[in-house]
Amino acid sequence: MSNTRTRKAIIATSYSLVGVAILIAAIYFGVFPQPLWLWALFAVAFTVLELNSVEVNDRLLQSSSVMPALTAGVVFVLSGYSATLGLAAMAALGPLVPADIRQKRLFQPLTNFGQLVASAGAAGLVLDVMLADLALPVTGSDVILVVAASLLAALVYSLVNWQLVRIAVRTVYGPRQLVPWSHMTGTIGRLLLMGVVGGLLGALVVQEPAALPLIFFVYAIGHMSVVSYARLREAEEATLRGFVKALEAKDLYTRGHTERVAYFSRIIGEQLAFSGTQLQNLRWAALIHDVGKLAVPGDLIRKKGKLDPDEYAEVMAHAHLVEEILAEVDFLQRPVEIASGHHSHYDGNGYGGSGHQPGKQPSLESCIVAVADAFDAMTSTRSYRMALTQAYAIDELRRNSGSQFHPVVVDALEKALVQTGEIYGSAHLSDEAVARHLAEGDVFDVTF
Amino acid sequence: MSRSESRLPLLSLLLGPGAAVVAALTLPQAVTPGMQLLVAVVATAIAGLIWVPNSPSLKLTAAGAVAAAVPILFRTGNEVDLAGALGVYAVGTLAQWALLLARGDDQYECVPALTRHFVSASVYAVLFSELLEIDPISTGNGWGLLLPLGVATLAWLAMETGMYAIMEGNRRPLSRRFALRMALEDLDVLGTLIATGALFAFAVPYLHWWALAAAALPYGFAHVAFHRNQATRRTYRQTIRALARIPEVAGLGTEGHADRTATLAFDVARDLGLEPIEVQELEFAALMHDIGRITLTDSSLVAVGYTDDDIARWGAEIIGQAPYLEQVAEHVRRLNEPYRHPGEQIDPSLSQVSKIVRAVSAYDHAIHDRHLTPLEAIETLHQGVAYDFDPEVVASLRRVLEEQGAFHPVMR
């Protein structure tokens, strides 16, 4: 833990030093924007939006603060002051989060201070350089220049911001902790367009100050846009959590199973260079792959010993029941298709719902969930068998690769496990028969 | 669609002739150049084809933004060309109607909506114009526009919601209070439309064509955000329906029981005038009230035996896992509690939601499991009003069923 603390200290110190350096340089070279009340008004808007940032991706916060930042920047430059200084000073206030101050936390505010000052200062510099020769009134082709400068400034702002977040998270928590981001085109596109709007509003308000109240309304719209994205994402996550919880409530042995299958699927997907959005679908598919079991008698799922053909058919049904249950949930359609093929074999055997077509190779995603599922089944203790070693599980996957499992996926899992250095399963138990025998001697019975 | 829903409000029958008369009276007196009038009408008609998501009650279109901009643009100093603005609204409304008709939109939905928008926007324009001419307010620059604009906007919002409550209260089985609350939920959309329209009007003199981008982009953000809010609600609803399906897919519940209970409970809630948030909880609670049955796939449990209370408790445990459903879980947990115990007063802590779901669910079981007629089924509820079923709820259920014609001999 002390290691994490050292790394936190390094990041916090270096980021805040960079921030201070930028502020000093900006003060030395620039003139602070006047009138002060206008600067303060934008600074308040910026800070309020920044404080209300929401998580739009794993550990990636977004807010619409780029709008007031660029409005202010354009106003400052067109009135003959330094946008770099004005924006860097605004951003310096952003990290003053009441909760952090109350709890005397230092890492978060210091890091955010450096990262915000750097990104806002860089955006201000772009405006200072590109709009230096512009004079009032701003008309016709001048507006095009304002739009171009705002677009570039917004791009610089977000790129600097995200790179610094990435570096901080990677350094402090390690690369594994950062789930690859999905739907980034939308997130970046939204920021760039917000930048353009911010810049245009700057060109307006510098000539017609009475538009200020309307402009603040636009900032509220921007905020609503970001929040609505986060809410939708939260609704989707809550849905998945709901089903995972329902599964856990029903069957003690699946506890943690879905989460682990999701994790193994993710590291396999990363090995195979999946995009953030593909990884998201894969994760969702892994989380719901056993939802069909909710409709299968619990005794069968936990039964020790062999199932008779009727019972086996009933258990097999869970692979397509997931479709019947989740048919109406729009955002899960692709994941459901993947999940319904998780008992489909690479060579076209096996069983499943729409994700399984007899004789055909299932989708790569289905194959990944299948391997992750089988790997976790072997390396965790079940009602009918104790956990086996990782080496045994990998050997077993390898032996069936080309028939039941996708060879590329099995290779990817092995490589990913070597890379992470993680070991799963029992330390010594590598005989299937012994593992089953041990489990049968196990007398305790698990009921709900 | 039931009979009562297909009735058009009287006022909207006047929409066509009314708009034509307004156009004939105002347009000859308009001082704004004909080209500008034409552009405004065309913009209104095209924007009228864009339904803004998440305004299920007010049924707003992007034409609201154009209407908000028109009086600000048709202005020289403090003098608004009111005749021009009203003329554009009238012709614009007729043009929108024609386009919506051509596209095949539901006339019962869009005619009342167009009527409301036309009247409310006209009030906005008149008020804006009149206030701008009062001397102390009009300072001659942009700041002088803000107060009249603000007041006129409030008047528009009030007109729109008030008219909705009255018109819908008359033609649907809705209480006016409920209709008003529903309309108020859509005001963020209307406010956004007016603000972006006003922003456009403010920006035109300075940014020219770029004003379109400065206003259309924020509108776009809002449009997408409203769409996402709608998707969020839909996702929750779909999730809940999916969870509710599990007992039926597993063969542990009567087919369609959850859906039917939810639909009928919704009607009872509207009859009793519940708050919209309660109606939402009621719908979710009704859909999921049997979710506890998924634990019945355990034969050990079935062997031990269980009661309806156990089902409710297990269900509440599962539902309670989702943070946004804690209240719903509470309703389900207390589902089988009597509304009063012998010798006691009515239990005030038991929610209307629990009472409604209990009664409606019992009614549905009586119809589909015990194969009783609706009259016999409601009679069994009447017999249980001492402790099990709240007489108020049973009376309301009876009213709703009567209105739907369930007791009519032809129905069975």
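This is a predicted model: local features need pLDDT of at least 70, side-chain atom pairs count only at pLDDT 80 or more; totals for chains, interfaces and linings use all residues.
Chain A comprises 448 residues, of which 48% count as buried. Its secondary structure consists of 19 helices and 2 strands. Among the contacts in chain A with a separation of 6 or more, 73% are accounted for by residues 24 or more positions apart. One of the helices, α7 of chain A, covers residues 141-173 and contains 33 residues. From its first C-alpha to its last, α7(A) reaches 48 Å, close to the 48 Å expected at 1.5 Å a residue. Just after α7(A) comes G174(A), which takes a positive phi of about 90°.

The contact between the two chains takes 50 residues from chain A and 50 residues from chain B. On the side of chain A that touches chain B, at least two residues each are supplied by α8 (184-205), α9 (212-250), α12 (298-301) and α14 (318-326). The most is given by α9(A), with 22 residues. By class, this side of chain A has 32 nonpolar, 8 polar and 10 charged residues.

In chain B, helix α5 spans residues 82-103 and includes A102(B). A102(B) is exposed, because 9 other C-beta atoms lie within 10 Å, and a residue with 12 or fewer such neighbours counts as exposed. A102(B) and S354(B) are 252 residues apart along the chain, and their C-alpha atoms are separated by 46 Å.

How values were computed: Residues are numbered from 1 along each chain as its sequence is written. Chains are lettered from A and ligands numbered from 1 in the order in which they are written. Helices (H or I, at least four residues) and strands (E, at least two) are DSSP runs, numbered from the N terminus. The expected span of a helix is 1.5 Å times one less than its number of residues. A residue is buried if 20 or more other C-beta atoms lie within 10 Å of its own, exposed if 12 or fewer, and partly exposed in between; C-beta atoms are placed from the backbone. Two residues are in contact if their C-beta atoms, placed from the backbone, lie within 7 Å. Ala, Val, Leu, Ile, Met, Phe, Trp, Tyr, Cys and Pro count as nonpolar, Asp, Glu, Lys and Arg as charged, and the others, Gly among them, as polar.
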